[in-house]
Amino acid sequence: MSQSAPRPDGMLIVTLDRLPGWMLSASGCTWVGMPVLDSLAARGIVFDRVIAHSDDPHAVLAALWGGERAGSPRAGSPSDVPWPLFAAAGWSPTLITDDSALADAAASVAAVHHVPALAATQPCATEAETNLGRLFSAAAQTVATGGHRLVWCHATSLGVAWDAPPRFRDHYADPDDPPPPATAAVPTIAVAADTDPDLVVGIRQVMAGQLTLFDACLGHLLEAVAGRPGQWTVLVAGVRGIGLGLHGRIGCGPLPPYSELVHLPAIFVDHSGRMAAQRYGGLILPADLGATLASLAGIAPSSDNAPRHGRDLTSLLDNWQLKERDRVICHGSAGRGVATPAWHLVLPEHTGAEPPRPRLFAKPDDAFELNDVADRCPAVTEELAALTGADPSQAWTVPLSNAARNGV
């Protein structure tokens, strides 16, 4: 952290599981209205390419808070997640969450408010009744009462129920469109050639309604922060995406680590206003965001500088200089993947008689990963696929060819 910059008076961390980054307006989606998030992006840095090392949400959260490290294939556990270093440094952390396992694990080092997410079958009548509405209301009340310098609000309800009032989803249906699905149940659908495209569009309209609801709830929480004295750092980030038909699945079922699942949105607002309205396109791990929060909090960095571990990004706030990562390796529940500045490779899980075929997508041009170029770039495909089965100490450090790193 820059010696000239004062420490924040408080920190607000908002994380959402099953947040589809490609549908956020701050990430370039033009048809979903999220004015609060857009305003937040104008105040901070939008990280355009945060890639999770896992599709296990607790593993990602653990990495964010300095626990489980990227590169470990094991599943995460809520017990990895609590942030004892922040508590020891006097940050009086509090967690507001609908994740019961996370709430139980954090209780030893933080004040915890558990607001259970309810599995609904019908949309709610009002915003206040929704899972997001209840959770963010509790978070806003916590901020308003004071006494906590570090407030973390974590939501899982995008994978539990899409319960926004009907007007939210109906807003996204054109007059000629069939009405969006009326249920609040999160769908689980395998998308095939004969799947009704109107159904896929309708489901995305329902999700767009949920995102608009989230935006409104976030606005209430940020208003509470604005009412507190001092300057606060704010981080809003996804933890895991969700299938919305780009790669054969809708809902929370198994999906190889396409960007639809592991490419996470993240907006970081510095408490002193440094580098507002900027975008950073280099590869970032969730652990990097956590290391940056720790640096701002005055917590000494780890002496372990292995590439798969978190690194402090505060140099971006001071001078916009940072050595770019050259890879992120993901071990997912339905396959493995590798992201480099020029590529995203996906190796689906071996489930049949024939070994899975690697799929390779050019970045940043192929944002939705619809054009597999593995056959055109066999050397790059082979090089990156080999990393997915290597020991982490080697997979994250072995030199990459210029073609594998930069695409040339």
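Modeller: Here is a short tour, going from the whole chain down to single residues.

Modeller: This is a predicted model, so local features need pLDDT of at least 70, side-chain atom pairs count only at pLDDT 80 or more, and totals for chains, interfaces and linings use all residues. Residues are numbered from 1 along each chain as its sequence is written, and side-chain values use heavy atoms, with hydrogens and water left out.

Biologist: Okay, how many helices and strands does the protein chain have?

Modeller: The protein chain has 13 helices and 15 strands. Helices (H or I, at least four residues) and strands (E, at least two) are DSSP runs, numbered from the N terminus.

Biologist: And what is the radius of gyration?

Modeller: The radius of gyration is 21 Å, close to the 22 Å that the globule rule gives for 408 residues, so the protein chain is as compact as a globular protein of that length. That radius is taken over C-alpha atoms, and the rule is 2.2 Å times the number of residues to the power 0.38. Along the principal axes, the C-alpha atoms fill a box of roughly 60 × 55 × 35 Å.

Biologist: How much of it is buried?

Modeller: Buried residues make up 54% of the 408. Buried means under 20% relative accessible area, exposed over 50%, partly exposed in between (1.4 Å probe, protein chains only).

Biologist: Now the sheets. What's the strand order in the eight-stranded one?

Modeller: The order is β4-β3-β5-β1-β7-β10-β2-β11, in an open sheet with mixed pairing. Two strands pair if DSSP finds at least two bridges between them. At the edges sit β4 (111-114) and β11 (278-280), each pairing on one side only. From one strand to the next, the twist averages 15°.

Biologist: Remind me, what do strands of a sheet pair through?

Modeller: Backbone hydrogen bonds, either parallel or antiparallel.

Biologist: Let's zoom in on β10. Which residues of other strands stand opposite it?

Modeller: Strand β10 (residues 263-269) pairs with β2 (residues 45-51) in the antiparallel sense over five bridges. There, V50 has L264 as its bridge partner, and F47 stands opposite A266. Four bridges join β10 to β7, again antiparallel, with L235 opposite F268.

Biologist: Is β10 mostly covered or exposed?

Modeller: Mostly covered: six of the seven residues in β10 are buried.

Biologist: Which helices lie across this sheet?

Modeller: Among them are α5 and α9. Helix α5 (residues 131-145) lies across β1 (10-17), β3 (93-97), β4 and β5 (150-155), at about 175° to β5. Helix α9 (residues 286-296) lies across β1, β2, β7 (232-240) and β10, at about 20° to β10. Axes are lines fitted to C-alpha atoms, for helices over the stretch in contact, and angles run from 0 to 180 degrees between N-to-C directions.

Biologist: How do α2 and α9 cross?

Modeller: The axes of α2 (residues 57-64) and α9 come within 7 Å and cross at roughly 35°. On the α2 side the contact is made by V60, A63 and L64, and on the α9 side by P286, A287, L289 and G290. Contact means heavy atoms within 4.5 Å. By class, there are six nonpolar, one polar and no charged residues. Ala, Val, Leu, Ile, Met, Phe, Trp, Tyr, Cys and Pro count as nonpolar, Asp, Glu, Lys and Arg as charged, and the others, Gly among them, as polar.

Biologist: Switching topic: what about the three-stranded sheet?

Modeller: That open sheet has the order β6-β9-β8 with antiparallel pairing. Its edge strands are β6 (189-190) and β8 (243-244), each pairing on one side only. Two bridges join β6 to β9 (residues 249-251), and I189 stands opposite I250.

Biologist: And G243, is that buried or exposed?

Modeller: G243 lies in β8 and counts as buried, at 2% relative accessibility. Leaving aside neighbours within four places in sequence, G243 is in contact with R249, I250, G251, L255 and E260.
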